[in-house]
Amino acid sequence: MKIANTDTNRWTIPRQLVIVLSPLILGILEIWHPVGLPNKSAFESILPQVDWWLTLHLLQVPLFGLVALAVFLMVNNLRGWAARISRIGMAFFVVFYTALDAITGIAGGTLISSARNLPPNVQFFVSKQVNLLFFDPLIGGSTLSLVGILGAGGWFVGVT
């Protein structure tokens, strides 16, 4: 009688849950990701829904890690250069895209939230600071920034 490998069997269901549920939950949440409004700054676009903005971006941080883990689990038993490149891509994704989301999503949302009841001249100043976060060539989330390219590029390489 052949004895089943209980160590492998023990992790089958949790592994499948990570692979299926992580991208599913992230994808569902992304349906309600706020977007910029025409003729409005990032500050003006996010301010009416800043609480949801912060909640979403706080949820995204662990979900990005779980989605990267899901891809890693799918290539975990594979060998060769393609699997190795996929794992490297996922490492770039999880580090840089999580940093991007924390900077522009959480930090930007926190600035906007803290300014919601301040006088208009202070809100104008905060709006300029938020735009610096969103459009900075190094860390910006709304432009082709270094951190954004490394994160999105890591995702592209990792899943391709």
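**Group meeting: aromatic cluster, pocket and loops**

Tyr-97 is partly exposed, with a relative accessible area of 26%; on this scale, buried means under 20%, exposed means over 50% and partly exposed lies in between, computed with a 1.4 Å probe on protein chains only. Before I continue, please note that this is a predicted model, in which local features need pLDDT of at least 70, side-chain atom pairs count only at pLDDT 80 or more, and totals for chains, interfaces and linings use all residues. Residues are numbered from 1 along each chain as its sequence is written, and side-chain values use heavy atoms, with hydrogens and water left out.

I turn to confidence. The average pLDDT, the predictor's confidence in each residue from 0 to 100, is 91 for the protein, and 94% of the residues score at least 70. Helices here are DSSP runs of H or I with at least four residues, numbered from the N terminus. Where pLDDT is low, the predicted coordinates should not be read in detail.

Next, the aromatic residues. The structure holds six aromatic pairs. Rings of Phe, Tyr and Trp (its six-membered ring) pair if their centres lie within 6.5 Å; planes under 30 degrees apart are stacked, over 60 edge-to-face, and the rest tilted. Phe-64 and Phe-93 form an edge-to-face pair, because their planes stand at 75 degrees, with the ring centres 5.8 Å apart. Phe-64 belongs to helix 3 (residues 50–75) and Phe-93 to helix 4 (residues 81–115), so this pair ties together parts 29 residues apart in sequence. Phe-64 is buried at 6% relative accessible area, and Phe-93 is buried at 5%. Phe-93 also pairs with Tyr-97, in a stacked arrangement with 5.6 Å between centres and 20 degrees between planes. These two residues are separated by about one helical turn, because they are four residues apart in helix 4. Together with Trp-155, Phe-64, Phe-93 and Tyr-97 form one aromatic cluster.

What lines the largest pocket? Its lining comprises 25 residues, and His-33, Trp-53, Phe-134, Gly-141 and Ser-142 lie nearest the centre. The pocket holds about 380 Å³ of space. A pocket is an open set of points on a 1 Å grid over the protein atoms alone, where a 1.4 Å probe fits, with protein on both sides within 12 Å along at least five of seven lines; lining residues have an atom within 4 Å of a point. The volume is the space filled by probe spheres set on the points, which are joined across faces, edges and corners. Helix 4 contributes the largest share of the lining, five residues. Helix 2 (42–46), helix 3, helix 4 and helix 5 each supply at least two.

Finally, two loop residues. Leu-144 sits in the loop between helix 5 (120–135) and helix 6 (146–159) and is exposed at 75%. Leaving aside residues up to four places away in sequence, Leu-144 touches Pro-137 and Ile-149, contact meaning heavy atoms within 4.5 Å. Asn-39 lies in the loop between helix 1 and helix 2 and is exposed at 82% relative accessible area. Although Asn-39 is not a glycine, its phi is positive, about 60 degrees.
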